[in-house]
Amino acid sequence: MSDNFERFIQQNRAAFEQPGPSSRVWEAMEKELGQQQSKGRVVRMLSKNWFKAAVIAVLLINAGVLFLFIKHRQQTNSNVAVMFPEMQEAQIYYSSRIEARLDSIRSYPAAELGLDSTSRKELELKNDTYKMLEKELKNNPGNERIRAAIIRYYQLKLDLLDKILEDLQERHAAPGELKKRYEEKI
């Protein structure tokens, strides 16, 4: 059987051999492969360094997210007076008066004030209450009650600072001044 098979192959060898593609086809394929290799350079480089490319991509995404977060935070932390021009005049007026009184209080030695650090911190212009009101005003810009509460906050702070200053002046007044004050009241 194998002799018959070999004989059959030898007799029909020409039928088995098919002519391959012409030389022009091979040249065109070589050109095409050359072009694909030049286009795929970045892809080949990325395939070799995929981990580095992934790290760089993650860092760029993180930088973008951080930038957007900081930008958003700056916008939300903008001053209430800038957002509401009508509040700007009130803020300037009250904050200047409050700062003047705070400067007067700070001129006294800390030991004579009789205030602990928490009380002194509470006397600062923008404490937790003010910050809460400011945040509420940003969330509800048209709310008149919040604006009135901020103005009332300024007035209460001024009253409190005036009382502290009066108390300090009475405690530290010279005996001659006390007599004058007593005579003025009578």
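In the predicted model, helix H7, which spans residues 85-106, packs against helix H11, which spans residues 144-171, at an angle of about 15°. The axes of H7 and H11 lie 10 Å apart. Angles under 35 degrees count as roughly parallel, and H7 and H11 are therefore roughly parallel to each other. The crossing of this pair is left-handed. On the side of H7, the contact is formed by Glu86, Met87, Ala90, Gln91, Tyr94, Arg97, Ile98, Arg101, Leu102, Ser104 and Ile105. These residues meet Arg147, Ile150, Ile151, Tyr154, Gln155, Lys157, Leu158, Leu161, Asp162, Ile164, Leu165 and Leu168 of H11. By residue class, the contact of H7 with H11 comprises 14 nonpolar, three polar and six charged residues.

Helix H11 also packs against helix H10, which covers residues 128-139. The axes of H10 and H11 come within 9 Å and cross at roughly 160°. Because angles over 145 degrees count as roughly antiparallel, H10 is described as roughly antiparallel to H11. The crossing of H10 and H11 is left-handed. H10 contributes Thr129, Tyr130, Leu133, Glu134, Glu136 and Leu137 to the contact, while H11 contributes Ile146, Arg147, Ala149, Ile150, Tyr153 and Tyr154. The residues of this contact divide into eight nonpolar, one polar and three charged.

The side chain of glutamine 91 is joined to that of tyrosine 130 by a polar contact of 3.4 Å.

From the N terminus on, the order of elements is accordingly written α-α-α-α-α-α-α-α-α-α-α-α. Of the 186 residues of the protein, 18% count as buried. Among contacts in the protein with a separation of 6 or more, 64% are accounted for by residues 24 or more positions apart.

Terms used
Residues are numbered from 1 along each chain as its sequence is written. This is a predicted model: local features need pLDDT of at least 70, side-chain atom pairs count only at pLDDT 80 or more; totals for chains, interfaces and linings use all residues. Side-chain values use heavy atoms; hydrogens and water are left out. Axes are lines fitted to C-alpha atoms, for helices over the stretch in contact, and angles run from 0 to 180 degrees between N-to-C directions. Helices (H or I, at least four residues) and strands (E, at least two) are DSSP runs, numbered from the N terminus. Angles under 35 degrees count as roughly parallel, over 145 as roughly antiparallel, 65 to 115 as roughly perpendicular and the rest as oblique. A crossing is left-handed if the near helix is turned anticlockwise from the far one by less than a right angle, and right-handed if clockwise. Contact means heavy atoms within 4.5 Å. Ala, Val, Leu, Ile, Met, Phe, Trp, Tyr, Cys and Pro count as nonpolar, Asp, Glu, Lys and Arg as charged, and the others, Gly among them, as polar. A polar contact is a pair of N or O atoms within 3.5 Å; within protein, one must be able to donate a hydrogen and the other to accept it, and residues adjacent in sequence count only if both atoms are side-chain atoms. Buried means under 20% relative accessible area, exposed over 50%, partly exposed in between (1.4 Å probe, protein chains only).
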